[in-house]
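Let's take a walk through this one together. Have the sequence and the fold open side by side as you read.

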Amino acid sequence: MAALTMTAAPARLGRYRITGTVGRGGMGTVYRGHDDALGRDVAVKVIHDRFGSADNVIRRFGEEAKNVARLSSPHIVQVFEFDPLAAPPFLAMELVRGPSLQAIVRAVGRASVATVADCARQVLAGLATAHAAGIIHRDIKPANVLRGPDGIYKLTDFGLARSLEREQSLTASGSVIGTLHYMAPEVAAGEEATAASDLYSLGVTLYELLAGTTPFPADSPLKLLRRIAAEEPLPIRAHRDDMPPAFEAWLEKLLARDPARRFSSAAAALDALRQVEIPAAGSDDFGTVPFEVQACDADAATTPTPRLHAEPREPIHREQVDSIIRTAARLEAQGRSLVGDDTILDIARELNVDSMFVRRALDDHRAERARAATPPPASAPPPWQPTPPLPAAARLDPAARRACANAIDRIWWASVVALAPTIPVLGLDIGALVGLRMERVPLRFLAAFSPAFATAAGMIQPLFWTWLCYWVTDLIALALPPLTLLLLPLGIAVIVMGCRLWWNTLSGTADLLEQAAAPAEAMSIRSARLWGLWLGIAAGLAAVFVGIVVDARTSNPFERRLVSWCVSVASLPVGVLLTWLFTLRPLALASATLRRSPRSAWEMPA
């Protein structure tokens, strides 16, 4: 936050003498004021003119201020006065002499588990007080949690900015989009915010403190809302490997998409957190952040000045890179230079990302274009020359190798469960359906390491429901034989999607091994993938031939089903053998390779 200035600041607002400007945001301006009567400094928030002329907005603003003024908690910023008749209307609040969590994250990046747990306990204590009084915050995000110099975290802006933001379009960039990142799925779907919505927003805030990024980065409000409503957040262990399992489970409960699966109240969440053992922190992550004054206002923190000389806190996402390149192309078409710091800062402000990310994305894009424009060498290497190993920067670190091996082990067990024979009760293949559900979480985790895993993860749900529809239709066809006509397209869809899921899983596994500097094992898995495809096609054609013979020799539907079931049982050993050779064995090889220590620099030059 910038230091105090006196630019365009009024001399007085009500009884408060204005001593400086703390920050400006989309909703209004925050001044530092002094109450001469009581001898204390305050934060005075002035609403912008476009809101001050709307009576209904001012009325809602006043009602929120009155509700918050009734709360008494060391973890809630106090509201001293609201004057709707002043010109302009203003709100006087407690001045917290410390930064917001958003400003801290931008300065130091990720925090330790102990620091985040301490923050969560204090914020939940303030939330429990508000919820007990029947007040819903509706806008919890890092910008609305302030940290005082004594280490006390305070909640501010209880729905005050949100009541004004309703007057703005969701297509605006800046603070409105920043707020959407922390919106609960049910609120994104148009439902009214509840105490459970506050818990979800707090979960996203804590996720950002632990991971250094929000769960769903997106470059437009509509894309962001779709991801919030339809996707599960990437597990926090994908960003760090020091998370206690109990704390991770507690955070996942806060981030449940279904409000009924979250904690029943902030007090219940606080009680559960107190039962979690958190390793002690060596030092206070946030205590050394140099900030002069931070206002009790969310708006001033949602659009901070991007830093030009700081290290990026996390790898930039592909969606953010694409947004940066599109924005840079638009500015370049307008005659702007993409080399100067001003343009980089403008792009960072517009997309709400770190300026170092912008600079790095533009440098990488220029280098990629230069490589594309460079003609190939006159003497290309022969095609039989072995592929050079990946550079050291592209390889998996030991922690990532262990995490990927654990995920592959879970896929291995899911494949074993899917081997369970068809259960004759209702004709439902329970093993295959349960195995599909078990594969979803590890595939979503591995999606960050290979696009093939991302494709496989996206096919789990459609394959599950198509398979279920196939077995239900097969059951109903016993009573309604005409429905057997639907079995052929459903069966073909199940086979095609299942093959694509298996193919992409093995492709992603081979990609992982290449990143782990194990090209020989990666080649072995790619070879097993090809052999499995051809033998699977042969087995499928054999099954079709048997089906044709059965249909030609039997006319009774019940007898056909009985013979088909007997053939399925007889072919079970063949299916087990193929699964072992072309699924379980390659996955076991990949897991063992990832758990093995990487080769030394002498064996595999960087």
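**A tryptophan on a helix**

Start with Trp 413, which sits in helix H16. This is a predicted model, where local features need pLDDT of at least 70, side-chain atom pairs count only at pLDDT 80 or more, and totals for chains, interfaces and linings use all residues. Residues are numbered from 1 along each chain as its sequence is written, and side-chain values use heavy atoms, leaving out hydrogens and water.

Helices here are DSSP runs of H or I with at least four residues, strands are runs of E with at least two, and both are numbered from the N terminus. The protein has 22 helices and eight strands.

Trp 413 is exposed, because its relative accessible area is 52%; exposed means over 50%, buried under 20%, and partly exposed in between (1.4 Å probe, protein chains only). H16 has a hidden side too: its buried residues include Ala 400, Cys 404, Ile 408 and Ile 411. An α-helix has 3.6 residues a turn, so residues three or four places apart point the same way.

Now hop over to His 131, in helix H4 (residues 113-132). His 131 is buried, since its relative accessible area is 17%. Leaving aside residues up to four places away in sequence, His 131 touches Ile 136, Ala 195, Asp 198 and Ala 266, a contact being heavy atoms within 4.5 Å.

Zooming out, 46% of the 606 residues count as buried. Of the contacts with a separation of 6 or more, 69% are between residues 24 or more positions apart.
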